[in-house]
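Please find below a colleague's note on the structure shown here. The points are arranged by element, with the conventions given where they are needed.

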Amino acid sequence: LLYSEVSHATWTELWLRLVAYYASQWYAFAEHAGYAFKLSPAQAQGIQVEISGVNRQYLQAFMRQMLHYLMQVSDYILRDAEIAQTIATQLSAMYDAHAQYEYDWVWHQSSYKLYDITQRPYYSHRSLLDTIAQLQRRYSIAEIVQNLNTFIADIQANGLQLEALFHGNLYAADVELFVTEIEQQINIRSDDDDDNDFVSNIEQRRHLNLEIAAAVNDSSTRMHHKWIYRGWNGNTDDINDVTAFNVQFSSNADHLQTSQVLLLAQMMQNEAFNVLRTQEALGYVASAFSRTDQRTNDINYLEILVVSGHYPAQYLHERIVNFTHYFYDAFLSSMQQSSFESYINATISAIDPNYLSLSEETDFLWQQITNHQYFFNRTQELKHWLLSKEEVTLSGMKQFYMQHVLSEQSKCLSVQLYSNRSMELQSDVGKLSTSNDDDDDVANFVAFNDTKELQLLSTASFFNVY
């Protein structure tokens, strides 16, 4: 199941909410240790079911029951004497849940905008809200039930593909039994060519490559690498503006580059706080960090984030661009080897997982499975590169910074969200246009205000991701 349309994501979430609702009626009277469902249209290609139990017997019992409700939910819908109230309640809960994201912390909103701009398919919470609202206004309960049951039946008839992780105090024989029971309850898709490789049989999603040819200010088409998204802070009670300045690299399957991005973020973290927060007093949040996981489809990013209640987002952007030059001129270029080695050691310490619970380790293992990289020795591999005297050197990091952060070909996306007290943001940016600024480094950025605008350009290219 690929979330190729926003309606698919909406129907699937309603499906799982009803599964959880009907299952809770059994769960309330059962001896239990806990279970959970997860659905993420932004990161998952299908339905993710997470089941936990304190031992093998509990785990098996939960698995049987939850798969039963997952696959037989249509029967419970048809037998529900109060289905109108049930559907109305679940749709209202869905709407409230997604509406809450629109009023989340402004820096969280900037993350959602980044995903909306770069990930395909990815549906903003606003898109999901609009779809849910249409269901509530335009469709009767009978129509919703019919469409939902048809959607579920189509998926089940087509068959599902399965990937799973069993983690904990289990024997191999237990897992074999669990897999057999799953196959008995779920219609597993069979392939005529006997190709049972999961990865080759699922569609890949796409992540926008910020190197895009476009005609800007009615000029001829040429390659652009630097972009500004301008939008509103969805929380009208929040007076803060935010600029999240993202530098795009490539896939984290390149382990050397990933180690360099992690190291660079470690080197910039304190300096970003000292300059942007302490010295310039731009706002109460000022930080630099890396994004190298599924939240960005495993595409490596370096992000510099500033949140301010007294400066507009465009000014924050200008100061961040200035900081990227300051960091090289006043900090990185004069760094001593001893300081460089201390940052390497700090980065190694930061990536050491030190799992505090089984669930933390499970989350890491599951991420490696669902991104289909199977990079289970991640810490050891990245540590190997960081300690490589030939590959990760001080002079090499200076060149890496110049190439990926300061050069004209560096790929950057500045996500700017303005509060309702800010007068800096026009209601409509209109055509793609260069930033109106005397500073050449800032003027090279191309502004837009529709999150899908870059994806819709005929010249847009994408990374293939899972």
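1. Pairing of β4 with β14. Strand β4 (residues 205-209) and β14 run antiparallel and are joined by 5 bridges. Within this pair, H207 stands opposite F463 in β14. Strands are DSSP runs of E with at least two residues, helices are runs of H or I with at least four residues, and both are numbered from the N terminus. Two strands are said to pair if DSSP finds at least two bridges between them.

2. Basis of the note. The model is predicted, so local features need pLDDT of at least 70 and side-chain atom pairs count only at pLDDT 80 or more, while totals for chains, interfaces and linings use all residues. Residues are numbered from 1 along each chain as its sequence is written, and side-chain values use heavy atoms, with hydrogens and water left out.

3. The sheet containing β4. The order β3-β4-β14 describes an open sheet of 3 strands with antiparallel pairing. β3 (119-120) and β14 (461-465) stand at the edges with a single partner strand each, so one side of each is left without a neighbour in the sheet.

4. S461. This residue lies in strand β14. S461 has a relative accessible area of 31% and is partly exposed; the classes are buried under 20% relative accessible area, exposed over 50% and partly exposed in between, with a 1.4 Å probe and protein chains only. Leaving aside neighbours within four places in sequence, S461 is in contact with H207, L208, N209 and E211, where contact means heavy atoms within 4.5 Å. S461 and I212 are 249 residues apart in sequence, yet their C-alpha atoms are 7.0 Å apart in space.

5. The peptide bond from R120 to P121 is cis, with omega near 0°. P121 belongs to the loop between β3 and α5 (125-138). Most residues other than glycine have a negative phi, and most peptide bonds are trans.

6. Helix α4. This helix (residues 106-118) has 13 residues, which at 1.5 Å a residue should span 18 Å; the end C-alpha atoms are 19 Å apart, which agrees. The expected span is 1.5 Å times one less than the number of residues. Of the 13 residues of α4, 10 are buried, so the helix is largely enclosed by the rest of the structure. Among the buried residues are V106, Y112, L114, Y115 and I117, as well as D116.

7. Strand β10 and its partners. In β10, 10 of the 10 residues are buried, so the strand is largely enclosed by the rest of the structure. Both faces are covered, with I299, Y301, E303, L305 and V307 on one side and N300, L302, I304, V306 and S308 on the other. Strand β8 (residues 241-251) runs antiparallel to β10 and is joined to it by 9 bridges; D241 stands opposite S308 in β10. Strand β9 (residues 285-291) has 5 of its 7 residues buried. β9 pairs with β10 (residues 299-308) in the antiparallel sense over 7 bridges. In that pairing, V285 stands opposite V307, and S290 stands opposite L302.

8. Residues with positive phi. N297 has a phi near 55°, a positive value in a residue other than glycine. N297 lies in the loop between β9 and β10 and is buried, with a relative accessible area of 4%. Y374 likewise has a positive phi of about 55° although it is not a glycine. Y374 is found in the loop between α11 (358-370) and α12, and at 40% relative accessibility it counts as partly exposed.

9. Packing of α10 and α12. The axes of helix α10 (residues 337-351) and helix α12 (residues 378-386) come within 10 Å and cross at roughly 175°. The two helices are therefore roughly antiparallel to each other. I344, T347, I348 and I351 of α10 make the contact with T379, L382, K383 and L386 of α12. By class, this contact has 5 nonpolar, 2 polar and 1 charged residues. Axes are lines fitted to C-alpha atoms, for helices over the stretch in contact, and angles run from 0 to 180 degrees between N-to-C directions. Angles under 35 degrees count as roughly parallel, over 145 as roughly antiparallel, 65 to 115 as roughly perpendicular and the rest as oblique. Ala, Val, Leu, Ile, Met, Phe, Trp, Tyr, Cys and Pro count as nonpolar, Asp, Glu, Lys and Arg as charged, and the others, Gly among them, as polar.
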